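Here are my notes on the model, for your review. Please read them with the structure open.

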Amino acid sequence: MISARAKGTASIDRRPVAVVDIGSNSIRLVVFDGTSRVPLPLFNEKVLCGLGKGLERTGRLDETGVEQALVNLRRFADIARAMGVRKTFALATAACRDAANGPEFVAAVRKRTGLPVKILSGAEEARVSALGVIAGTPDAEGAMGDLGGGSLELVALGKGKPAGHATLPFGPLRLREYAEKGRGRLKDMLDERLKALDFLDRGRDGEFYAVGGAWRALAKLHMAHANYPLEIIHHYSIPRDRAIDFLDVVATQSRASLEGFPGISRKRLETLPLAATVLERLLRRMKPERLVFSAYGLREGCLYDSLPPALKRTDPLLSGVAAIAAQNRRYRVTADELHRWVEPVFKDKANARLRLVACHLSDLAWSEHPDHRGEIAYRRALFMPVAGIDHPGRAYVALALYARYDGEPGGEIAQIAWRLLDETRLRDAFRLGLALRVAYRLSGGASSVLARTRLKLDGRDLVLEVPKRDAGMVGEVVGRRLEALATALDKRAVVRPR
């Protein structure tokens with residue numbers, strides 16, 4: 001059964017909210033569609049100002065960066081007002097926190113823009129970034145790290161809650177001086193500081209969740225290197241040993257050698273080797289089972305922190321797909337009703353949550369051209385803007401929806417899913433799609449019909465139980481779809497009176 005926490009929903013305020021993130025390397029405005037468990041970005045703009053450039057040497061924010069930031073923050077404030085944003089969270093992190101002229105800069109921002117800028121302490125920045133990871137992966141176990149331009153926040157995670165934490169001056173903008181003395185000196189310094197963090201031992205054999213623009217760029221590089229089929233950074237994962245080998249290579253590359261990779265900004269190229277070195281030393285120190293990249297971080301954590309407790313407890317994946325389904329509803333039948341009807345066909349309960357997700361999205365493409373519904377539903381599920389799901393999970397749901405519309409396992413169109421799923425889950429997803437085909441064809445989307453009928457396994461038989469008064473509803477098309485499902489299950493299709 002899906003837990004009450006997983007199914008839970010709460011009221012959503014759809015008035016836009018914004019987060020302005022003033023970092024050491026970049027400033028960013030994101031306007032979200034409201035206060036919900038999985039807020040969707042309506043507008044997203046980043047400017048690489050380099051406020052923290054030279055901070056380690058001068059102790060002050062970079063003058064050129066300050067001027068550039070003031071101009072663009074004024075623009076951010078104007079855009080937010082024009083979009084009708086009801087509340088703006090403006091957060092300043094390591095550079096403003098540590099620079100002698102940080103408070104002076106923040107005061108200038110407040111005066112020129114009206115933005116309510118708050119300088120986060122290291123502990124607060126670590127806590128909010130960890131909440132971002134938890135917002136996207138509620139059951140996160142191990143540790144997370146958020147690498148900004150000027151600092152690294154590390155937090156141990158246990159049962160989806162922050163534990164020990166530390167803030168270190170390991171941002172790439174600050175590490176350049178160490179790097180100039182040689183990579184060996186840099187590694188020794190990193191190792192010495194990381195060795196003292198006992199809380200990292202708690203994450204051993206768990207997962208390390210990497211947050212921050214430089215580390216996301218490394219994820220893109222690895223995807224290209226591995227010819228990975230699904231270009232989604234959130235929850236992209238790499239086994240520890242493979243990650244260390246890859247990071248070792250990137251850390252020794254010149255800017256010129258990295259320029260050949262697509263999708264990486266020129267300004268980001270300068271910091272990638274340093275970002276790779278920090279991550280590589282972290283993985284060696286902590287020894288997690290896997291490296292997992294999180295697209296959720298400080299900004300998402302800030303919004304999550306502002307949610308009422310009831311909304312925090314809801315499953316982000318089920319909340320997200322329920323919202324998607326509500327925008328595109330045709331029938332009155334609910335996801336729970338569909339799930340209860342098809343679930344007796346499946347002995348494996350490990351994928352029950354994903355089957356409920358597929359039930360939520362099972363009529364996703366009803367308004368599309370009939371010849372392309374399967375492909376459209378497949379791609380929309382594969383790239384849906386939700387959290388709380390890994391890449392194989394996306395593939396499972398996408399393939400189930402393709403089969404729901406086309407009655408086929410996908411072939412060339414579904415190659416991404418075929419590469420990400422093992423044989424058992426491929427069969428399971430295909431069977432789910434066929435079961436949904438039977439449910440919709442039999443009921444016409446009417447809850448009352450599903451309530452009166454029953455699908456079950458009985459020895460060698462796949463049995464559809466139908467009340468005698470509804471026997472006429474099992475026509476030729478329903479019979480064919482039932483036969484197709486029975487064949488996929490290695491069973492014999494039987495219709496019995498109920």
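1. The largest cavity holds about 440 Å³ of space. Its lining has 33 residues, of which Asp21, Ser26, Leu147, Gly148 and Gly213 are the closest to the centre. A cavity here is a set of points, on a 1 Å grid over the protein atoms alone, where a 1.4 Å probe fits but cannot get out; lining residues have an atom within 4 Å of a point. Points are joined across faces, edges and corners, and a volume is the space filled by probe spheres set on them.

2. Bear the source in mind. This is a predicted model, in which local features need pLDDT of at least 70 and side-chain atom pairs count only at pLDDT 80 or more, while totals for chains, interfaces and linings use all residues. Numbering starts from 1 along each chain as its sequence is written, and side-chain values use heavy atoms, with hydrogens and water left out.

3. Which elements supply at least two residues each of the lining of the largest cavity? They are strand 2, helix 6 (122–136), strand 6 (142–147), helix 9 and helix 14. Helices (H or I, at least four residues) and strands (E, at least two) are DSSP runs, numbered from the N terminus. By class, this lining has nine nonpolar, 14 polar and ten charged residues. Ala, Val, Leu, Ile, Met, Phe, Trp, Tyr, Cys and Pro count as nonpolar; Asp, Glu, Lys and Arg as charged; the others, Gly among them, as polar.

4. The cavity count is three at 30 Å³ or more. The second largest cavity has a volume of about 50 Å³. Among the residues that line it are Ser36, Arg37, Tyr296, Glu300 and Tyr304. Helix 14 gives the largest share of this lining, three residues. Six of the lining residues are nonpolar, one is polar and two are charged.

5. Now the open spaces. The largest pocket has a volume of about 950 Å³. Of its 35 lining residues, Arg216, Lys220, Ile233, His234 and Ala295 are the closest to the centre. A pocket is an open set of points with protein on both sides within 12 Å along at least five of seven lines. Strand 2 (26–32), strand 3 (41–48), helix 9 (213–226) and helix 14 (298–305) each give two or more residues to the lining. Helix 9 has the largest share, six residues. The classes are 20 nonpolar, six polar and nine charged.

6. The second largest pocket comes to about 520 Å³. It has 26 lining residues; His235, Arg353, Gly388, Ile389 and Asp390 lie nearest its centre. Two or more residues come from each of strand 9 (207–211), strand 11 (290–293), helix 18 (352–360) and helix 20 (391–406). Helix 20 gives the most, with three. This lining divides into eleven nonpolar, seven polar and eight charged residues.

7. Six strands form an open sheet with mixed pairing, in the order 8-7-6-9-11-10. Strand 8 (161–168) and strand 10 (237–239) are the edges, each pairing on one side only. Two strands pair if DSSP finds at least two bridges between them. Strand 7 (residues 152–158) runs antiparallel to strand 8, joined by six bridges. Within this pair, Leu157 stands opposite Pro162 of strand 8.
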